[in-house]
Amino acid sequence: SDHMENIYGYLMKYTNLVTGWQYRFFVLNNDAGLLEYFVNEQSRHLKPRGTLQLAGAVISPSDEDSHTFTVNAASGEQYKLRATDAKERQHWVSRLQICTQHHTEAIGKNNPPLKSRSFSLASQGSANSPGVQRRPSQNAVSFFGVGHHRLPTGKRVPIMQPDHLVDVREMMSQAEGQQRDLIRSIECLPVSGHLTSLDQDLLMLKATSMATMNCLNDCFHILQLQHASQQKGSLPAGTTISWLEPKISLANHFKNGAAQNFPAEINKPASVREEQSIAEPCQLTREPEEINPDEELEDICDDKEDDLGAVEEQRSVILHLLSQLKLGMDLTRVVLPTFILEKRSLLEMYADFMSHPDLFIAITNGTTPEERMIRFVEYYLTSFHEGRKGAIAKKPYNPIIGETFHCSWRMLKSDIATDAGGNFSAHPPSEQVTLSKDLEGQTELDYYTVKFVAEQVSHHPPVSGFYAECVERNMCVNAHVWTKSKFLGMSIGVTMVGEGLLSLLEHGEEYTFSLPCAYARSILTVPWVELGGKVNINCAKTGYSASINFHTKPFYGGKLHRVTGEVKQNTTNTVVCRVQGEWNSVLEFTYSNGETKYVDLTKLSVTRKRVRPLEKQGPFESRRLWQHVTESLRDGDIDKATEHKRALEERQRNEERLRAETEAPWCTKYFLKEGDGWVYHKPLWKTVSAAQTQQTDTN
């Protein structure tokens, strides 16, 4: 063919989250059916940096923009590439597709295909067919003739050979085409009448057919990995076969407070940005504000998210939304319906993870490095239960850039554990609401205060910074988190990319930690939350570390919300504590001396946070900013909540455009960028260090 010429040139290749996009010199070798790349054109005579076999590959132009495309090899390896313009992308895509087809057909000729099973997803109606009235007993599935054929009993399915992956891919392509025809047939139905395009059964069919194809693609990916392992003898180092687990390692993205570049911002078109930043005409409001804890009052809000009413009523909207999503789609690009929102901001959710301040303060009371690490692990594992408001999975508000949240907690000093075995409060649940009343009549010397501040420091990507400190105990925690939401078929996954740093200044120790991923499961029925992934806690000074695994429920059997972990001394590799149980129920801690402790999180005392009344809050503070949306959600007025939310989003977009036109950079209020990380502007470790220096100079 005249089109089977070798082509070469520079393309941008997405390497990883750290290095992002890089220019590489690519060569399409049509004779060998290979796509090779080199560092630059001058190194073309050297060994290629990477090679992809194109036989059985899929070349896909991206819908992110007009420049990007992907090459998915049959081995499971993928190249994400970007041309300089749409014309160059089309040139590469067409040549790659021609080469792929040629070498795929060559394999097919040399290997007899499997006998494929026939199946039908054909619609009985189309855009040109007349409308059909629906009989009462006729459901959407029978209307569209979706069926399957069973294999004859007694016959076993032949074991699939590696070369037959090409045939499987061809069958899946046919199924995907038929599924698209099905979707088009549904969408061409009228919007009114006996059978409409918004019929709940049809919307369910659209959503589940899309999810089925997504699951099949996941299964095919696993087969590709197994095929690759058979060819190479073993899987490459670091390769994992997983389904809904995170595809990236949390621990490697942020080291000691240093966040890496966020190349995903490049691909985000302005037309799909959900919320943009607010810029006040007077930038003087961005000066840090000292919050007086005495102005804060005990929080009386108790917005449990156990109500499914709105979700049930709006199920057709959910189905319609799901039918438009694609597997792996970044949900920060999608404006989600208002009725699935929690009645709080994400910044306030981070504060709710601090609802056991007694356990937090007790960390520094540990008499040995080993005990302090164990206490931190105990506190860490008890923080997630209260961070969830009810059993129903709902989404907190996306904070706008510059949004802040302040609160504090007060704890009687007599309630803080000092002994090794008394690290958990014994207040029954009935006393949770009245705990702070014990503080009435007490002087400032009788209680500890934990202050908390959070700020949305970036919108693209969405990064939040939060900081908490207890001045009396010389301890503080600083963290920044980038939330990445992905659509996973019938689930939504949120990866918490980031790292926190706990400083115990009294002991000169720093503990780094990461956060697990979160998943909203069963979003078509009763959505629920589970955590997944591995997190690490490390203290470089003492040599103690902890490894904690949040286990997602397997497809068959297994328990929900399971967590396991261990604390070890790295120098001797000795395990000093093991933990197992459920992160929202009962945890079992087993220590090196043989003792065992059980913690029932449902009975663990909760200290209510203290917040300023709305009239004393600034315009950027979370509760005041979202007050109209929250009030409408409490009243069950979804339309009004949506109206307020839309007005806020539009205001943000206008202010963003204004800043872009004037080239005015956004200035954060409480957090400063140090390197690639975000640090509170006045952390306790700087304050204490400055005070010690001043005292030394005075002496």
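Predicted model: local features only at pLDDT ≥ 70, side-chain atom pairs only at ≥ 80, totals over all residues.
Trainee: Is threonine 104 buried or exposed?
Mentor: Threonine 104 counts as buried, because its relative accessibility is 17%. Buried means under 20% relative accessible area, exposed over 50%, and partly exposed in between, with a 1.4 Å probe and protein chains only.

Trainee: OK. Where is threonine 104 found?
Mentor: In helix H1, residues 86-110. Helices (H or I, at least four residues) and strands (E, at least two) are DSSP runs, numbered from the N terminus.

Trainee: And what is threonine 104 in contact with, leaving aside neighbours within four places in sequence?
Mentor: Leu54, Ala55, Gly56 and Val166. Contact means heavy atoms within 4.5 Å. A polar atom of the threonine 104 side chain also lies 2.7 Å from the backbone oxygen of threonine 100.

Trainee: Switching to cores. How many residues has the largest nonpolar core?
Mentor: It has 63 residues. Phe360, Tyr380, Leu381, Phe452 and Phe550 have the most contacts inside it. Helix H9, residues 369-387, gives the most to this core, with eight residues. A nonpolar core is a set of buried Ala, Val, Leu, Ile, Met, Phe, Trp, Tyr and Cys residues joined through side-chain atoms within 4.5 Å.

Trainee: What does leucine 381 touch, apart from its neighbours within four places in sequence?
Mentor: Its contacts are Ile548, Phe550, Val563, Val579, Trp583, Leu587, Phe589 and Leu601. There is also a second, separate core of 20 residues, which includes Leu28, Leu52, Ala83 and Val93.

Trainee: Now sheets. What is the strand order in the open sheet of seven strands?
Mentor: S4-S3-S2-S1-S7-S6-S5, with antiparallel pairing. Two strands pair if DSSP finds at least two bridges between them.

Trainee: Which strands stand at the edges?
Mentor: Strand S4 (50-53) and strand S5 (58-61) do. Each has a single partner strand, so one side of each is left without a neighbour in the sheet.

Trainee: How many bridges join S6 to S7?
Mentor: Five, between S6 (residues 68-72) and S7 (residues 78-82), which run antiparallel. Asparagine 72 has glutamine 78 in S7 as its bridge partner.

Trainee: What about S19?
Mentor: Strand S19 (residues 517-521) is mostly covered, with four of its five residues buried. Three bridges join S19 to strand S17 (residues 492-504), and the two run antiparallel. Over five bridges, S19 also pairs with strand S20 (residues 528-539) in the antiparallel sense.

Trainee: Next, helix H11. Which of its residues are buried?
Mentor: In H11 (residues 627-634), they are Val629, Thr630, Ser632 and Leu633. Seen down the helix axis, these fall within an arc of 165°, so they line one face of H11. The arc is that of the directions from the helix axis to the C-beta atoms.

Trainee: What do they pack against?
Mentor: Strand S11 (341-345), strand S12 (395-397) and helix H12 (638-662).

Trainee: Last one. Is histidine 561 buried or exposed?
Mentor: Histidine 561 is buried, with a relative accessible area of 11%. It lies in the loop between strand S21 (544-551) and strand S22 (562-569). Its phi is positive, about 60°, although histidine 561 is not a glycine.

Technical notes. Residues numbered from 1 in each chain as written. Heavy atoms only, no water. Polar contact = N/O pair within 3.5 Å; in protein donor to acceptor, adjacent residues only side chain to side chain.
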